[in-house]
Amino acid sequence: MAFERLKLKRVYASHYGDNLASSRVLEKLGFHREGCRQAHFMKNDQFHDQMIWGLLIEDWSAQKAQKGKEE
């Protein structure tokens with residue numbers, strides 16, 4: 001929807017650095033890790049890292065084409 005209907009060039013997501021399940025989900029969706037904002041969030045009086053992920057339309061299109069070949 002983001003690429004086809006909204007005509008976006010890029011989408012991004014972020015999560016707490018210690019949330020490995022979110023990392024796995026984003027990887028499976030084709031996102032690439034772009035970076036880490038160290039000590040970006042405060043939660044329960046502790047600082048936490050923020051992981052930044054991005055997906056470009058070109059990568060999404062290639063991934064979609066590859067899935068079509070496999071089916």
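The structure is a predicted model in which local features need pLDDT of at least 70 and side-chain atom pairs count only at pLDDT 80 or more, whereas totals for chains, interfaces and linings use all residues. Residues are numbered from 1 along each chain as its sequence is written, and side-chain values use heavy atoms, with hydrogens and water left out.

With a salt bridge defined as a side-chain nitrogen of Lys or Arg within 4 Å of a carboxyl oxygen of Asp or Glu, the count comes to 3 salt bridges. In one of these, the side chains of Glu4 and Lys64 meet with an N to O distance of 2.5 Å; this pair links distant parts of the chain, Glu4 being in the segment before E1 and Lys64 in helix H2 (residues 57–70), 60 residues apart. Helices (H or I, at least four residues) and strands (E, at least two) are taken here as DSSP runs, numbered from the N terminus. Relative accessible area is classed as buried when under 20%, exposed when over 50% and partly exposed in between, with a 1.4 Å probe and protein chains only. On this scale Glu4 is partly exposed at 42%, and Lys64 is likewise partly exposed at 44%.

A salt bridge is also formed between Lys9 and Glu58, whose closest N and O atoms are 2.3 Å apart. Because Lys9 lies in the segment before E1 and Glu58 in helix H2, the pair ties together parts that are 49 residues apart in sequence. Lys9 is partly exposed, with a relative accessible area of 48%, and Glu58 counts as partly exposed at 43%.

Arg10 counts as partly exposed at 35% relative accessibility, and Glu34 is partly exposed with a relative accessible area of 46%.

Met1, Leu6 and Leu8 make a nonpolar surface patch of about 310 Å². Patches consist of residues with over 30% relative accessible area and no salt bridge, like charges being joined within 9 Å and nonpolar side chains (Val, Leu, Ile, Met, Phe, Trp, Tyr) within 5 Å; accessible areas come from the Shrake-Rupley method with a 1.4 Å probe, and for residues only the protein chains shown count as cover. Leu6 lies in the segment before strand E1 (10–16) and is exposed, with a relative accessible area of 52%.
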